[in-house]
Number of protein chains: 2
Amino acid sequence: MADSTVVPAAIIHRDPQFKYSFPATEHIYNSIESSDPLYPLHRQTARVLIVIGPSTLRSQHLDQYPSVELVVGTSAGVDHIDLAECRRRNIRVTSAGSAFSEDGADYAIGLLMDVLRRLTAADRFVRAGFWPIKGVYPLGNKLGGKRVGIVGLGNIGTLVAKRLEPFGCTIAYNSRNKKPQVPYAFYPTVLDLAANSDSLIVCCALSDKTRHIINRDVLTTLGKKGVIVNIGRGALVDEKELVKFLVEGELGGAGLDVFENEPGVPKELFTLDNVVLSPHRAILTPEAFANVREVVIGNITAFFLNKSLLSEINLCD
Amino acid sequence: MADSTVVPAAIIHRDPQFKYSFPATEHIYNSIESSDPLYPLHRQTARVLIVIGPSTLRSQHLDQYPSVELVVGTSAGVDHIDLAECRRRNIRVTSAGSAFSEDGADYAIGLLMDVLRRLTAADRFVRAGFWPIKGVYPLGNKLGGKRVGIVGLGNIGTLVAKRLEPFGCTIAYNSRNKKPQVPYAFYPTVLDLAANSDSLIVCCALSDKTRHIINRDVLTTLGKKGVIVNIGRGALVDEKELVKFLVEGELGGAGLDVFENEPGVPKELFTLDNVVLSPHRAILTPEAFANVREVVIGNITAFFLNKSLLSEINLCD
């Protein structure tokens with residue numbers, strides 16, 4: 001419980017289902033949770049709001065925090081925050097910055113390797129006791145020599161590319177603009193990228209412009225041996241189409257950490273050996289939590305000291 | 001069926017259970033299989049014997065091929081071939097050389113990532129329908145910043161190290177001798193390496209000297225958070241001890257492609273979420289089979305042309 005004589009530095013906004021996704025917030029200054037009896041009081045005066053994980057923050061939520069000047073996000077993406085509304089209210093917004101980038105990139109490599117080399121399918125095969133009985137097991141494919149297309153060459157995408165280099169992959173990317181210092185081939189559209197890739201790794205931000213950026217045309221172009229890895233947001237992929245392609249054998253495989261209606265996962269995928277399913281946890285490690293805690297504290301400190309914020313979102317985009 | 005007027009370039013030695021592990025050998029020159037009616041005849045005169053996968057080749061088998069001068073292995077390791085007996089009979093031996101090295105190294109990274117980040121466990125969690133019900137899922141650990149010890153810095157071990165670099169791991173190794181050109185820390189014993197590592201990747205050859213090189217002492221030293229990845233041979237690890245350590249929670253986890261009594265896998269491991277089990281397939285991709293086919297053909301051609309063999313095993317070791 002907060003001390004009523006102390007004004008908390010920040011209050012917490014959190015959907016109940018994200019109780020697990022950002023532990024130890026109670027140790028960030030004296031920020032308080034909604035369970036605190038003084039929460040209704042401080043909600044009126046708090047200048048800083050910490051948004052836990054992908055908790056939704058729309059206009060009606062912002063109405064409950066009338067004094068807020070800064071929304072401190074704890075995730076890399078901020079698609080759950082109504083940025084236009086924040087801009088209208090002169091509220092600044094920060095994200096987790098690159099705190100999760102390395103773990104996200106690691107997981108993308110793990111998912112790609114898993115789908116290509118059939119690791120989780122192999123584990124299932126052994127645990128089912130099939131090895132001594134069936135013996136024969138379908139081969140996977142080598143990662144080396146594959147053309148890997150990265151959709152969104154931001155913090156995570158860049159780290160994905162670096163990790164892929166020693167595996168001998170040919171790397172290309174699509175992003176809003178060609179990056180001058182980058183040695184990889186740039187394709188101005190995802191469709192062009194798909195036409196020149198064996199696998200696509202989706203790690204761009206979700207916005208109105210990127211929703212369903214992986215659509216029917218992209219999947220058709222990627223083709224029967226193509227692999228999709230999604231560590232961004234579920235809605236970047238047209239999930240209905242993806243499921244259809246996978247079920248009908250029109251796509252080679254998929255490694256999915258995110259889904260359109262989490263925690264809902266299309267049941268048609270549960271019986272497929274060429275997909276790897278993960279409960280939105282690409283970036284969840286204790287090490288990443290420690291990183292994001294530093295970023296959150298850094299942003300709040302900078303705010304109260306009138307210094308530059310560490311990971312401010314440009315709301316004019 | 002072989003043409004009885006043509007002397008085959010080589011005959012095939014193959015345990016029945018390895019029917020799957022090296023397809024398309026029938027296209028290597030006019031080598032013949034035991035199913036061929038002329039096999040008993042050519043067995044007497046063939047100068048080259050192709051050994052498929054890890055098919056056992058001991059003295060009693062060699063007795064069946066009295067004219068053999070060259071044993072062409074199709075696997076990276078040759079522990080299934082009685083090298084002393086070959087030496088005694090003046091038979092030369094070749095392995096698959098580095099044909100499988102990249103795939104082996106890739107798989108080692110995949111297994112390590114899988115154990116640390118709990119990928120196959122996550123997939124099992126989702127497929128069981130637990131995500132919407134349980135929500136909370138135990139965190140894995142970040143690969144970056146971990147100290148990874150490589151046991152055996154040969155072809156595969158070197159490629160493992162190169163792949164680990166961009167993940168931000170600290171790499172060290174143990175091998176028979178310190179390698180002068182290598183930037184990683186060398187430890188003269190596996191015990192020393194374990195004392196300075198968070199994870200061990202076992203990728204050395206199996207011999208009398210390396211049997212059970214991962215023993216109780218090494219596991220104790222690696223400790224409760226330690227991870228073992230084995231893509232070498234099952235007998236490199238004292239499997240009984242490994243199982244005991246895993247079951248009792250005295251080791252952090254294991255990614256195992258090989259086992260002491262394949263295709264037997266200790267059933268105690270089937271219920272553990274911190275192990276990934278794979279049916280000896282680290283190097284099995286169509287691309288690797290194409291590579292090894294080239295090596296086999298190259299060795300046989302060189303033999304008949306009296307040129308240097310591509311991947312001859314030094315039998316004087």
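Pro263(B) is placed in the loop between β10 (253-256) and β11 (275-277) of chain B; here helices (H or I, at least four residues) and strands (E, at least two) are DSSP runs, numbered from the N terminus. The peptide bond that joins Glu262(B) and Pro263(B) is cis, with omega about 0°. In chain A, a cis peptide bond joins Glu262(A) and Pro263(A), again with omega about 0°, and Pro263(A) lies in the loop between β10 (253-256) and β11 of chain A. A further backbone feature is found at Asn306(A), a residue other than glycine with a positive phi, near 60°. Asn306(A) belongs to the segment after α11 of chain A.

The model is predicted: local features need pLDDT of at least 70 and side-chain atom pairs count only at pLDDT 80 or more, whereas totals for chains, interfaces and linings use all residues. Residues are numbered from 1 along each chain as its sequence is written, chains are lettered from A and ligands numbered from 1 in the order in which they are written, and side-chain values use heavy atoms, with hydrogens and water left out.

Chain A is assigned domain 1 (11-99 + 285-304) and domain 2 (101-277), the bounds coming from an automatic or database domain assignment. The C-alpha centres of these two domains of chain A are 31 Å apart. Contact (heavy atoms within 4.5 Å) involves eight residues of domain 1 of chain A and five residues of domain 2 of chain A. The area buried between the two domains of chain A is about 550 Å², with 41% given by carbon and sulfur atoms; buried area is the accessible area (1.4 Å probe) that two parts lose on being put together, summed over both. On the side of domain 1 of chain A, the most area is lost to domain 2 of chain A by Asp79(A), Ser98(A) and Thr285(A), which together account for 61% of what that side buries.

One salt bridge is found across the interface of domain 1 and domain 2 of chain A, the criterion being a side-chain nitrogen of Lys or Arg within 4 Å of a carboxyl oxygen of Asp or Glu. Asp79(A) is paired with Arg233(A) in a salt bridge whose closest N and O atoms are 2.9 Å apart. Three residue pairs (both at pLDDT 80 or more) are in polar contact between domain 1 and domain 2 of chain A. A polar contact is a pair of N or O atoms within 3.5 Å; within protein, one must be able to donate a hydrogen and the other to accept it, and residues adjacent in sequence count only if both atoms are side-chain atoms. The side of domain 1 of chain A that touches domain 2 of chain A consists of two nonpolar, five polar and one charged residues. In this classification Ala, Val, Leu, Ile, Met, Phe, Trp, Tyr, Cys and Pro count as nonpolar, Asp, Glu, Lys and Arg as charged, and the others, Gly among them, as polar.

Between the chains, the contact takes 62 residues from chain A and 62 residues from chain B. Chain A and chain B bury about 5200 Å² between them, 61% of it from carbon and sulfur atoms. Arg117(A), Arg127(A) and Trp131(A) supply 17% of the area that chain A buries against chain B, more than any other three residues.

The structure holds 34 salt bridges over all chains, and 10 salt bridges are found across the interface of chain A and chain B. Glu287(A) and Lys146(B) form a salt bridge through their side chains (3.0 Å, N to O). This pair joins two chains, because Glu287(A) lies in helix α11 of chain A and Lys146(B) in the loop between α6 (131-134) and β5 (147-151) of chain B. Arg124(A) forms a salt bridge with Asp123(B), with 2.9 Å between the closest N and O atoms.

The interface of chain A and chain B also has 28 residue pairs in polar contact (both at pLDDT 80 or more). Elements of chain A that each supply at least two residues of the side touching chain B include α4 (101-117), α5 (119-127), α7 (155-164) and α11 (286-304). The largest share of that side, 10 residues, comes from α4(A). By class, the side of chain A that touches chain B has 33 nonpolar, 12 polar and 17 charged residues.
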